[in-house]
Amino acid sequence: MLSINSISKGIVIDHIQAGHGIQIFEYLNLREADYTVALIMNAHSEKMGRKDMIKIENEIDLDLSALGFIDPNITVNVIKDEKIERKINLTLPEIVEGVIKCKNPRCITSVERNIPHKFVLVDKEKGKYKCAYCDHVYGE
């Protein structure tokens, strides 16, 4: 059985849907990290069957709304002295900015390069968002 040691200080991103850990790993640009990072894929989970998790032995700023958009079932654990100091359960955020891009060629974000792509949650059950500028629906 594979053994992954605990970390003394940092962040554990847990309960990632199996197979989606690499997407979060890439989004956080952890390949470039100069500190210890562990990406665990397809780990056994009582609750989920299989899950991914990421252990980061460093304190970094996380965009929790972006992580919630990628996978709303994620739990972020802040670790101090090898113990969970804080547990954050994510959900789908009301607003997502700079994570997805509007695909409407007539949207102002396609013409003006410095406008951030901003989406607003319109259907929580289906995870659908619409562009704040042109109302193009993401996910259809």
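Predicted model: local features only at pLDDT ≥ 70, side-chain atom pairs only at ≥ 80, totals over all residues.
Two aromatic rings, from Phe, Tyr or Trp, count as a pair if their centres lie within 6.5 Å.

I will go through two of them. In one, the rings of Phe69 and Tyr129 have their centres 5.3 Å apart and their planes at 75 degrees, so this is an edge-to-face pair. Phe69 belongs to helix H2, residues 64-70, and Tyr129 to strand S8, residues 128-131, so the contact ties together parts that are 60 residues apart in sequence. Are these two residues buried or exposed? Both Phe69 and Tyr129 are buried.

Phe69 also pairs with Tyr138. Here the ring centres are 5.9 Å apart and the planes stand at 55 degrees, so the pair is tilted. Tyr138 sits in strand S9, residues 137-138, and Phe69 in helix H2, so this pair ties together parts that are 69 residues apart in sequence. Phe69 has a relative accessible area of 15%, while Tyr138, at 29%, counts as partly exposed. Taken together, Phe69, Phe119, Tyr129 and Tyr138 form one aromatic cluster.

Next, the sheet. Five strands make up an open sheet, with antiparallel pairing, in the order S2-S3-S1-S4-S5. Which strands stand at the edges? They are S2, residues 37-45, and S5, residues 83-89; each has a single partner strand, so one side of each is left without a neighbour in the sheet. On average, neighbouring strands are turned by 20 degrees against each other, direction ignored. Within the sheet, S1 and strand S4, residues 75-80, run antiparallel and are joined by six bridges. Ile11 stands opposite Val78 in S4.

Now the charges. How many salt bridges does a search of the whole structure find? The search finds six. One of them is formed by Lys51 and Asp14, whose closest N and O atoms are 2.9 Å apart.

Another salt bridge joins Glu26 and Arg31, with 2.2 Å between the closest N and O atoms. Glu26 is partly exposed, at 37% relative accessible area, and Arg31 is exposed, at 54%.

A further salt bridge links Glu85 with Lys80, where the closest N and O atoms are 3.9 Å apart. That distance still counts, because the cut-off for a salt bridge is within 4 Å. Lys80 is partly exposed, at 30% relative accessibility. Through shared partners, salt bridges join Lys9, Glu59, Lys80 and Glu85 into one network.

Last, the surface. Ile108, Val111 and Tyr133 make a nonpolar patch of about 270 Å². Of these residues, Ile108 is found in helix H3, residues 108-111. Ile108 is partly exposed, with a relative accessible area of 38%.

To recap, there is an aromatic cluster that includes Phe69, an open sheet of five strands, six salt bridges, and a nonpolar surface patch that includes Ile108.

Note on methods: Residues numbered from 1 in each chain as written. Heavy atoms only, no water. Salt bridge = Lys/Arg side-chain N within 4 Å of Asp/Glu carboxyl O. Buried < 20%, exposed > 50% of the residue type's maximum accessible area, 1.4 Å probe, protein only. Pairing = 2+ DSSP bridges. Helix = DSSP H or I, 4+ residues; strand = E, 2+ residues; numbered from the N terminus. Axes fitted to C-alpha atoms, helices over the stretch in contact; angles between N-to-C directions. Patch = residues over 30% accessible without salt bridge, like charges linked within 9 Å, V, L, I, M, F, W, Y side chains within 5 Å. Areas by Shrake-Rupley, 256 points an atom, 1.4 Å probe, with all protein chains shown as cover. Phe/Tyr/Trp six-rings, centres within 6.5 Å; stacked < 30°, edge-to-face > 60°.
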